Amino acid sequence: MGSTDDSTGSTNESVIALPSNIHHLINTKLEQDNYLLWKSQFFPLLEGYGLEGYVDGSLSAPSKFLADKVTPNPSFVAWRRQDKIITSWLRSSLSPGVGLLVIGLQTARDIWVSLESRFASASRARINQLQRQLQTIRKGGLSMNEFFLQAKKISDDLAACGEPFSDAAVQQMLLAGLDSSYDPIVATLTTISDLSMADF
């Protein structure tokens with residue numbers, strides 16, 4: 001966004017034309033347990049339009065009025081219009097349950113901060129839990145296919161949270177989760193470098 005001059009109300013840029021519907025751009029609604037996945041889709045959208053300042057606090061609202069304290073400030077009018085659109089985007093990307101948590105909040109920044117304070121720490125705890133699950137996964141009585149799919153799901157969940165493990169790391173954890181009867185297979189696989197998960 002361009003800078004504003006509160007004394008004159010001039011702006012260096014016109015209001016950016018924004019889509020009214022972002023459902024084709026944000027295909028994940030924020031639930032209680034997917035904050036990082038949702039954020040990984042929503043924040044880049046804001047960055048793409050140069051609007052991240054409305055939620056990260058770097059672009060504050062201009063004065064409502066010009067120096068005479070009477071004339072509405074065009075810069076504020078433009079800022080508020082953009083903010084209302086982003087606020088609408090945010091609300092439309094929330095599940096009904098999460099949407100109830102931000103009723104009454106007026107600006108995009110207020111909504112963003114509220115969601116971050118509520119879900120960010122829980123998301124970090126979820127990532128730590130998934131990492132421990134993958135690092136300690138064991139085949140046990142599972143079939144090989146079930147074991148592989150379980151590990152893949154955990155790995156995919158971590159990737160969705162923005163904390164992916166490399167294929168090599170996941171493969172090492174899978175091999176470590178096998179009992180001694182699989183030692184010959186483990187010995188063979190550990191000699192192969194750059195093995196993709198599809199070929200594992």
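Author: Buried means under 20% relative accessible area, exposed over 50%, partly exposed in between (1.4 Å probe, protein chains only). The model is predicted, so local features need pLDDT of at least 70 and side-chain atom pairs 80 or more, while totals for chains, interfaces and linings use all residues. Residues are numbered from 1 along each chain as its sequence is written, and side-chain values use heavy atoms, without hydrogens or water.

Reader: Let's start with Asn34: buried or exposed?

Author: Asn34 sits in the loop between strand 2 (10-11) and helix 1. Helices (H or I, at least four residues) and strands (E, at least two) are DSSP runs, numbered from the N terminus. The relative accessibility of Asn34 is 14%. Because that falls under the cut-off, Asn34 counts as buried.

Reader: And which residues does Asn34 touch, not counting those up to four places away in sequence?

Author: Contact here means heavy atoms within 4.5 Å. With residues up to four places away in sequence set aside, Asn34 touches Thr28 and Lys29.

Reader: What is the order of the elements along the protein chain?

Author: The protein chain has eight helices and two strands. Read from the N terminus on, the elements run β-β-α-α-α-α-α-α-α-α.

Reader: Where in the protein chain is confidence lowest?

Author: Confidence is given as pLDDT, the predictor's own score for each residue, from 0 to 100. The chain has a mean of 87, and 88% of its residues reach 70 or more. Helix 2 (residues 53-56) has the highest mean, 97, whereas the lowest, a mean of 38, belongs to strand 2.

Reader: Moving on to helix 1, why do its buried residues line one face?

Author: The buried residues of helix 1 are Tyr35, Trp38, Gln41, Phe42, Leu45 and Leu46. Looking down the helix axis, take the directions from the axis to the C-beta atoms. Those of the buried residues line one face because they fall within an arc of 145°.

Reader: Which helices do those buried residues pack against?

Author: Helix 1 covers residues 35-48, and just after it Gly50 takes a positive phi of about 70°. The packing partners of the buried residues of helix 1 are helix 2, helix 3 (74-92) and helix 5 (108-135).

Reader: What about Lys39: which residues is it in contact with, leaving aside neighbours within four places in sequence?

Author: Lys39 is in helix 1 and is partly exposed, because its relative accessible area is 26%. Its C-alpha is 9.8 Å from that of Ile26, which is 13 residues away in sequence. Beyond the neighbours within four places, Lys39 is in contact with Pro44, Trp112 and Glu116.

Reader: Last one: Lys69 has a positive phi although it is not a glycine, so what is the value?

Author: Lys69 lies in the loop between helix 2 and helix 3. At 68% relative accessibility, Lys69 counts as exposed. Its positive phi is about 65°.
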